[in-house]
Amino acid sequence: MRPEALNPLFVEIDALDGVGPKLRKPHEKLGLTRVRDLIYHLPERFVSRRAVETLDDAAEGEQIVISLTPVEHRSPRSGRGPYRVLAQDRAGNICALTYFGRASFSARKQLPVGEKRWVAGKLDRFGDMLQIVHPDHVESESEATLGRLNEPVYGLSEGLTQPRVAGLAQQALARLPDLPEWIEPVQFDRAGWPAWRDALLLAHKGENPSARDRLAYDELLANSFALMLVRADNRRRKGQPLKGDEHLRGKLQLPFPLTGAQKRSIAEIEGDLVQDAPMLRLLQGDVGAGKTVVALYSMLIANEAGKQAALLAPTEILARQHYETIRSMAAPTGVEVVLLTGRDKGRARESILMGLLDGSIDIVIGTHAIFQDTVNYKDLGLVVIDEQHRFGVAQRLQLASKGKSTPHTLAMTATPIPRTLTLAHYGEMDASRLDEMPPGRKPIITRVMSMDRMEEIVDGIARHFETGQQAFWVCPMVHESEVADLAAAEARYAALRERFGDAVVLVHGQQKPEVKDAAMEQFVSGEAKLMVATTVIEVGVDVPNATLVVVEQAEHFGLAQLHQLRGRVGRGSEQAVCLLLRGSTLSETAKRRLALMRETQDGFRIAEEDLELRGGGELLGTRQSGDTPFRIADLEQITRLLPAAHADARLLIERDGGLASERGQAARLLLYLFERDWGVQLLRGG
Ligand code: ADP
Ligand code: MG
């Protein structure tokens with residue numbers, strides 16, 4: 001049960017003045033459904049604007065407030081183009097007010113021709129025209145705009161405006177309760193941070209590094225607490241020691257010897273499995289490092305000890321791929337391997353459920369369907385989870401309740417992450433690293449090319465198709481407006497389709513799942529030759545025939561991301577190529593990143609350097625990057641504050657493992673506040 005003190009924060013935003021169903025939607029898109037979410041939706045930055053008389057007084061790139069009179073509305077020529085309102089300053093200079101997508105509807109209403117308006121926004125240039133893209137404010141009264149020369153800038157989604165979000169944030173902040181301090185007193189004094197409530201008020205009000213640090217620290221602390229509670233709980237649980245006798249492993253006839261790293265990892269796993277306490281181990285290894293074989297060995301050990309093993313994959317496609325590989329590798333051992341996904345219905349499903357219950361199935365591979373309530377095991381000894389951090393720790397715990405005793409867990413991830421982030425994601429979980437690639441891999445040829453050479457590049461793709469091989473084309477999301485990014489990706493898609501016709505498919509995050517799945521299927525089956533995708537190419541999709549990946553605006557990606565993208569190719573026997581397309585001007589760090597990509601393919605090295613080279617703010621999603629479990633703390637803060645937060649959490653848990661003391665109670669509040677209450681729930685269970 002959530003502590004009562006937090007109730008005001010977990011009220012739905014509908015309770016705030018002015019929020020109806022219409023306003024709820026765009027908030028949901030940002031993950032803002034409760035008051036709590038609003039208070040932690042911290043400003044991305046603060047803008048300070050200058051009031052100018054005429055456009056001549058303003059510099060490109062400057063934030064300004066100016067009085068303009070609309071003279072003409074221009075609808076987009078194509079369906080996706082922007083809507084422009086041309087407006088004149090008092091000296092007769094023209095500036096375009098540019099709107100993408102649905103925002104144009106409000107422009108039509110707010111900017112009638114001939115009526116003077118006060119406009120606030122960032123002045124820039126499009127071709128030879130000055131423009132303001134999505135002005136922050138358009139008002140008819142000067143005071144309304146001039147009164148806001150300094151203000152926070154919040155992340156928005158379509159249908160929201162800065163004043164709207166700012167107004168709601170203020171309402172939410174007015175509901176903040178006073179909460180007891182959960183930070184260790186010595187640490188708190190030394191840092192000189194504001195108290196929780198003050199920190200939030202300050203962070204919404206202006207640049208305030210101390211307040212931001214405190215809030216980031218809270219998030220890190222909550223995470224460390226929760227992971228430590230999981231860990232402590234795991235140590236308390238009774239597992240079953242699994243001792244293998246090699247009778248199954250001995251029958252394997254692999255076409256290759258194991259690498260040193262594979263042998264070492266298997267030995268580490270074997271060492272865990274014979275313990276009473278359930279294993280909680282992470283297997284880290286780049287794409288192609290050979291994690292599947294390690295998983296197979298581990299599962300066979302469980303089978304040798306007379307137990308069942310399950311392998312959980314994040315998607316159906318991946319589950320199927322694992323199933324094919326593992327079944328064929330395990331064939332000589334005679335163990336029974338099945339695939340179970342959400343698609344299985346009726347008889348087929350019944351018979352698998354029977355087999356799991358009576359123990360005739362030794363290894364089951366599937367999506368989360370393998371852990372539904374209706375699925376029961378005779379004696380599940382080991383769970384292997386592929387691509388761990390798409391599931392999160394909470395789900396791992398649900399799995400734990402499946403066996404009579406807690407099964408051993410091996411989590412595999414293809415994302416080599418730096419040590420600091422390993423701590424953030426997994427706490428003090430034991431880790432095995434596959435830091436040695438199987439021999440005979442052809443390195444991927446990596447080239448950096450200027451976007452100006454587009455024609456040449458497209459010709460190159462045409463030649464590539466002649467060999468019968470496929471390719472990926474990745475478009476980044478870089479603009480402030482999602483709509484503009486999508487428009488850019490769609491424009492690229494349209495252009496490539498003009499050249500290659502139906503052989504091109506488009507995949508992006510805004511598509512309906514059916515549409516996306518259909519496009520993926522076409523590509524996997526080889527029907528489509530080129531997949532144009534926005535940043536996310538489905539993690540782990542294995543299309544060995546795709547041997548070329550083109551990354552547009554590569555300078556906007558972090559190293560780790562580039563490495564992941566490059567890893568989409570080079571899985572077959574053919575020579576793979578990665579083309580990094582760059583813009584005309586590059587920062588020094590961008591140059592270093594691209595150079596490093598050419599220089600190495602070692603994922604662990606890239607991950608460490610990535611962390612070092614990031615934080616300049618020039619990268620995509622540096623603050624809320626998907627590769628950390630945090631929303632408040634950015635990479636720089638994680639690196640700087642996590643060790644202290646971790647030590648802080650450990651100290652409290654060592655002294656007061658049941659979180660019963662006064663500070664322990666405060667820590668519980670923190671866990672609920674950051675929705676890591678699965679940590680608290682374990683306390684009750686134990
Ligand atoms: P991961 O899951 O880590 O991305 P896989 O387990 O799919 O990698 O292995 C990639 C490829 O390398 C597979 O074709 C596999 O058969 C092969 N492989 C694995 N281990 C070795 C090894 N020790 N020597 C040679 N090839 C190997
Ligand atoms: Mg794999």
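Aspartate 233 and arginine 236 sit together in helix α8 (residues 209-236), three residues apart, or about one turn of the helix. This is a predicted model, so take the distances here as computed from it. As a rule, an α-helix has 3.6 residues a turn, so residues three or four places apart point the same way.

**Salt bridges**

The count for the model comes to 36 salt bridges.

| Pair | Closest N–O distance |
|---|---|
| Arginine 90 – glutamate 53 | 2.9 Å |
| Aspartate 648 – arginine 663 | 2.9 Å |

Take the pair of arginine 90 and glutamate 53, joined by a salt bridge. Arginine 90 is in the loop between β4 (83-88) and β5 (94-99), while glutamate 53 is in the loop between β2 (50-51) and β3 (63-74), so this pair ties together parts that are 37 residues apart in sequence. Arginine 90 is exposed at 66% relative accessible area, and glutamate 53 is partly exposed at 47%.

Now for aspartate 648 and arginine 663, which also form a salt bridge. Aspartate 648 belongs to helix α21 and arginine 663 to helix α22 (residues 662-673), so the link ties together parts that are 15 residues apart in sequence. Aspartate 648 is buried, with 4% relative accessibility, and arginine 663 is buried too, with 15%.

There's also a network of salt bridges, which links Glu12, Asp14, Arg24 and Glu28.

**Domains**

The protein chain splits into domain 1 (46-153), domain 2 (249-434) and domain 3 (445-600). Domain 2 puts 12 residues and domain 3 puts 11 residues into the contact between them, and their centres, over C-alpha atoms, are 31 Å apart. What area is buried between domain 2 and domain 3? It is about 890 Å², with carbon and sulfur atoms giving 54% of that. On the side of domain 2 that touches domain 3, you'll find five nonpolar, three polar and four charged residues. Even so, there are zero salt bridges between domain 2 and domain 3, though two residue pairs are in polar contact across the interface.

**Around helix α20**

Helix α20 (residues 603-613) has several buried residues, namely Gly603, Phe604, Ile606, Ala607, Asp610, Leu611 and Leu613. Their cover includes β10 (280-285), α14 (419-426), β16 (430-434), α18 (559-566), α19 (588-599) and α21 (635-655).

**Two more residues**

Arginine 117 is part of strand β6 (residues 117-126) and counts as buried at 13% relative accessibility. Its side chain makes a polar contact of 3.5 Å with that of glutamate 115. Beyond its neighbours within four places in sequence, arginine 117 has contacts that include Ile66, Ser67, Leu68, Gln110, Val138 and Ser140.

Glycine 468 is in the loop between α15 (454-466) and β18 (470-475). Glycine 468 is partly exposed, with 34% relative accessible area. From glycine 468 to valine 274 is 194 residues in sequence and 49 Å in space, C-alpha to C-alpha.

Technical notes
Residues are numbered from 1 along each chain as its sequence is written. Chains are lettered from A and ligands numbered from 1 in the order in which they are written. This is a predicted model: local features need pLDDT of at least 70, side-chain atom pairs count only at pLDDT 80 or more; totals for chains, interfaces and linings use all residues. Side-chain values use heavy atoms; hydrogens and water are left out. Domain bounds come from an automatic or database domain assignment. Contact means heavy atoms within 4.5 Å. Buried area is the accessible area (1.4 Å probe) that two parts lose on being put together, summed over both. A salt bridge is a side-chain nitrogen of Lys or Arg within 4 Å of a carboxyl oxygen of Asp or Glu. A polar contact is a pair of N or O atoms within 3.5 Å; within protein, one must be able to donate a hydrogen and the other to accept it, and residues adjacent in sequence count only if both atoms are side-chain atoms. Ala, Val, Leu, Ile, Met, Phe, Trp, Tyr, Cys and Pro count as nonpolar, Asp, Glu, Lys and Arg as charged, and the others, Gly among them, as polar. Helices (H or I, at least four residues) and strands (E, at least two) are DSSP runs, numbered from the N terminus. Buried means under 20% relative accessible area, exposed over 50%, partly exposed in between (1.4 Å probe, protein chains only).
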